[in-house]
Amino acid sequence: MTRLRSWLANPWGKPRFLVLFTALYLAWSIVPILVAIRFSFNEGRSRSTSQGWSLRWYTGDPDLSVLHDPTMHTALLQSLRLALIAVLVTVPLGVALAVGLTRWRGRGSGTARGVSLATLVTPEIVMGTALLLVFLNLLTFVELGTMAQAIGHITFSLVFVVIIVRARLLAIGPHYEEAARDLGASQLQAVRLALLPMLVPAIVASGIIVFAISMDDFVISNFLSSGTSTDTVPVRIYATGRTAPTPALNALATLTLGATIVIALLGFLLWRTVRAARGQAGSTVGEFAALDAETIR
Amino acid sequence: MTLHPRESRYGRRELLQRGAAGAFLLSSMGSLLAACGGSDGGSGADLTFATPENPVTWEVFEDNPMIASGLEPESGTLRIYNWNGYLWPKIKKDFAKEYGVKVEETFFSTTDEAVAKISSGAVDFDVFFPTTDRVGRLILGKSLQPLNGDYLPNLANVWASLRDPWYDKGSQYTVPYATWTTGIGYRTDKIAASPAKLANPYEIYWDEQAKGKLYLLDDSRDAPAHMLLKNGIADINTENPDDIALAKAELKSLYDQNVKTSTDDYTNLPEGKAWVHQMWSGSAISAQYYLPDGVGTDALGYWFPQDGRGVIGSDMLAIPSNAKNPVLAHHFLNYLLDAKHGYDNFVNYTGYQPPFTALNPDKLVADGVVPKNLRTAIVRESDFDVASQFTELTPTGATEWQNAWAEFKAGV
Amino acid sequence: MSDLSEQVGEDKTGTRFWAGLALPGMAWLAVFFVLPFYVILCIAFGSVDPIFQTAAPEWNPLQWNTAAFEFVLEGLFTSGAAFQTVFLRTLLYVGIATALSLCIAYPVAYYIARYGGRWKGLLLAGIIAPFFISYLMRMLAWINLLQDDGWVNDVLVWVGILDVPRNWLDGRASSVILGLVYGYVPFMILPLYAFLDRIDRSLLEAARDLGASPFQAFRMVTFPLSMPAILAGIAIIALPMFGDYYTPDLLSGAPQTSLIGNQIVLYIRGGQQIPVGAALVVVLMLFLTVLMGYYIYATARAQRRLGS
């Protein structure tokens, strides 16, 4: 009883209930994924009982493994293809948009800012329906499939690049560009030589985010798909998740997760290299977390 | 920027200006879009509906001609648009090898989705598998191209009645692919009752033991059809509002049974997810390959009305009008019409019978293709005389039925 | 800060330069975001081509046909009708799921923000991790666990709560709601954490010095300060949840748990009545805009109360 009272009376001590709660949450959040990954390495066909370890569902099984089942590896390749296209187009587009919107103070800039943030509050089913109807009824030269899906992914992820880069821009301020202008640089040169290098962390972070969003995307890929040849991994999971008889689906999902993690790590290493090259000290993780916090704000 | 409390951000004049600008923008956008708008209806053609009593010979339109004879097959990738599990992968491989091309198959899960994509022209496939209740519109909408019979000598293998069917006399746009019936699949080892022994066999859907293990087909025509037949309404294409309301009420009464819908009947029943499943005959036959270890084929049962007055149909092959490889597609159709290929496709994979004269239905049980307890799933040419087939619905009828289906799916 | 950046743009050539930079992005959004909304309106107010069974959009606002909207509105405001039932059910599920998510997200975010200490980086990584895992993969993981022979049933039977394995995937509202919670709660934690991290400790210390107990300090200082954060978190997960249709499909499959998204998909993806589907989408967007408006108002009011 006294222990309880002393626990309550000391607000600066470790609150054990919160510790337990958070630990439980993290377990609840992550363990099912780990279990799913475990079963992707199952020897047998079950997705819920342990049956040994093997790479059967990745490469071994001659009909049903990810390597041999055409619908499976097509889905993986399509996911990767769309994610790469999304990053390559969205990041430059979004950075230009973010820089332009932050500095622009003319007429219409408020509306422009509002529109650019509007995709954030639009549910994907609305965007998916809108784009599907546009491609079927107006812009019919865009066939359903990779092109349509890529357009959808870019449109949906643009706002995330804008938010991240804008947050960084507001934190950086205009001093460096002003200094460059004072030294004789043109507007474009100031942006290119003074501003962009400072934005590299934000650009890399937004690239990683866009990649993750694109790999994860379901509704838009589903609506704008032309059939199984342009289905992405989430779409295949949706189509077969309830009835899939083998762990090959788990294997596919694991591979997708692996791809995202690899890209995130590559981005992180890239960022670290750039920082080291510039001689910046301090923790990269800390900077990334600070970036996130600013972004949310 | 602080405003006086009585100041508004937008003065009245500004508001009017913005409103006027907005309205002007909308209407000019409207006329601009109308000028450069996409596919523009063209719905001047009459809507003729084919029925078994009223067969239709489709016209061959000038702007949608058939391809010339004697052309060489293209060397591109043959793209097939099909139901899942409806074409044996080995057929695709063999065809690909024989013609030195690649074959790619894309799946759809509902007819609605497939027809919407094909008629919009937003996708391009070389081979499509339409159904009798949609093919009329596809032809009238010029989404399918007329077939050149010179490439299709194997058409002679097909039953006479289906070579010249009511929905496409002279097989101008389609060739038959497979026949099927819609019956009731059930697990003999889990349910004590069986439809054949019930006074009204359709009542098995309401059987207590089926609660939570009941599935209907996720098809807006097949599912209500059984509700109509349960009440003695033989016209499964009825557009009578009372009939539609009745079917809807029957469907809704199954909520207490925790009914679900699916088109994966060939796995749901053998895996034990379903103990009673509205089922297509082909799924009943191929379900035996999805049984888990230790469960024999006698655990499966398939019921179809003994007097033959159930739902029957035939699916066909067609070539979309925007196909990139029409000659190759014709060859593929001919390949599937070959007696041996069609039989292998049926026996080894799909379970759906091709309507070939060389195929003797009575031999199927003896040959071990169909388990004895599932012989009700075999389709005969004579069945088509008695049973009901799906025909096109008028726009009003289609709307009414879709609303009824949507209401059922809403779980109201 | 922002004044200075505004000063830079005051320059006339500067304005054109910045606007020019923003132009490609704005053009993209204009064509692929704004225009599609107008197309949805034109289709919702259009008709159906009887041959193709596809939508025949009506581009001229003066000739808009209100039949589809009348159908949808009638379905929404007639008691017992399909659309109303589904919509109310969606509201219910989203409401419960959001409330549950808040109950889970707030303590976790609070703990990491206040007591994270040297574990903060690791904990943050654990919180951010679900962003990199596809929503559907997380649902797939749960489907595996909820199967008749899955771990959930195994554990429950072993512990003794259940005698026989229960079928969790056969159409339960609880499975769907818990699925929604599991899927969306990570999106709520991060914003909550970001705000809570920012709360000034000295305010809490002051409250304690003035004699407040830990609970009172929380109730009167921390909680009101975090209202904007809570509102933001709710907005971030509730808005997408209204468009969710795949969670019921995956975790249930029964008509009694279908959401408004399922109805939209049914009408849009094939058949006779694409305008009705488009009209449903428009109505949903209007509803969400109203919610957004309330969110902006509530946040502004909360921030005014806090004097910030």
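Are B:Asp124 and B:Arg79 buried or exposed? Both B:Asp124 and B:Arg79 are buried, where buried means under 20% relative accessible area, exposed over 50% and partly exposed in between, with a 1.4 Å probe and protein chains only. The tour returns to this pair below.

**Before starting**

This is a predicted model, in which local features need pLDDT of at least 70, side-chain atom pairs count only at pLDDT 80 or more, and totals for chains, interfaces and linings use all residues. Residues are numbered from 1 along each chain as its sequence is written, chains are lettered from A and ligands numbered from 1 in the order in which they are written, and side-chain values use heavy atoms, with hydrogens and water left out.

**Stop 1: chain C**

Select chain C. Its secondary structure comes to 14 helices and two strands; helices (H or I, at least four residues) and strands (E, at least two) are DSSP runs, numbered from the N terminus. The radius of gyration of chain C is 24 Å, well over the 19 Å that the globule rule gives for 308 residues, so the chain is more spread out than a compact globule. Here the radius is taken over C-alpha atoms, and the globule rule is 2.2 Å times the number of residues to the power 0.38. Along the principal axes, the C-alpha atoms of chain C fill a box of roughly 75 × 75 × 35 Å. Of the 308 residues in chain C, 57% are buried. Among contacts in chain C with a separation of 6 or more, 65% are between residues 24 or more positions apart; contact means heavy atoms within 4.5 Å.

**Stop 2: chain A against chain C**

The area buried between chain A and chain C is about 8700 Å², with carbon and sulfur atoms giving 77% of it. Buried area is the accessible area (1.4 Å probe) that two parts lose on being put together, summed over both. Highlight A:Tyr25, A:Trp28 and A:Arg242, which supply 8% of the area that chain A buries against chain C, more than any other three residues.

How many salt bridges does the rule find across the interface of chain A and chain C? The rule finds zero there, a salt bridge being a side-chain nitrogen of Lys or Arg within 4 Å of a carboxyl oxygen of Asp or Glu.

**Stop 3: chain B against chain C**

Hide chain A and show chain B. Here 41 residues of chain B are in contact with 33 residues of chain C, and the two chains bury about 3200 Å² between them, 60% of it on carbon and sulfur atoms. Across the interface of chain B and chain C the rule again gives zero salt bridges.

**Stop 4: salt bridges within chain B**

Over all chains, the whole structure has 23 salt bridges. Select B:Asp124 and B:Arg79, whose closest N and O atoms are 3.8 Å apart in a salt bridge. B:Asp124 is in the loop between helix H3 (111-120) and strand E3 (127-128) of chain B, while B:Arg79 is in strand E1 (residues 77-83), 45 residues apart.

Move to B:Lys92 and B:Glu105, a salt bridge with closest N and O atoms 2.5 Å apart. B:Lys92 lies in helix H2 (residues 89-99) of chain B and B:Glu105 in strand E2 (residues 102-108), so the pair ties together parts 13 residues apart in sequence. B:Lys92 and B:Glu105 are both buried.

**Stop 5: B:Leu138**

Finally, centre on B:Leu138 in helix H4 of chain B. B:Leu138 counts as buried because its relative accessibility is 1%. Beyond its neighbours within four places in sequence, B:Leu138 is in contact with residues including B:Val115, B:Ile118 and B:Phe128.
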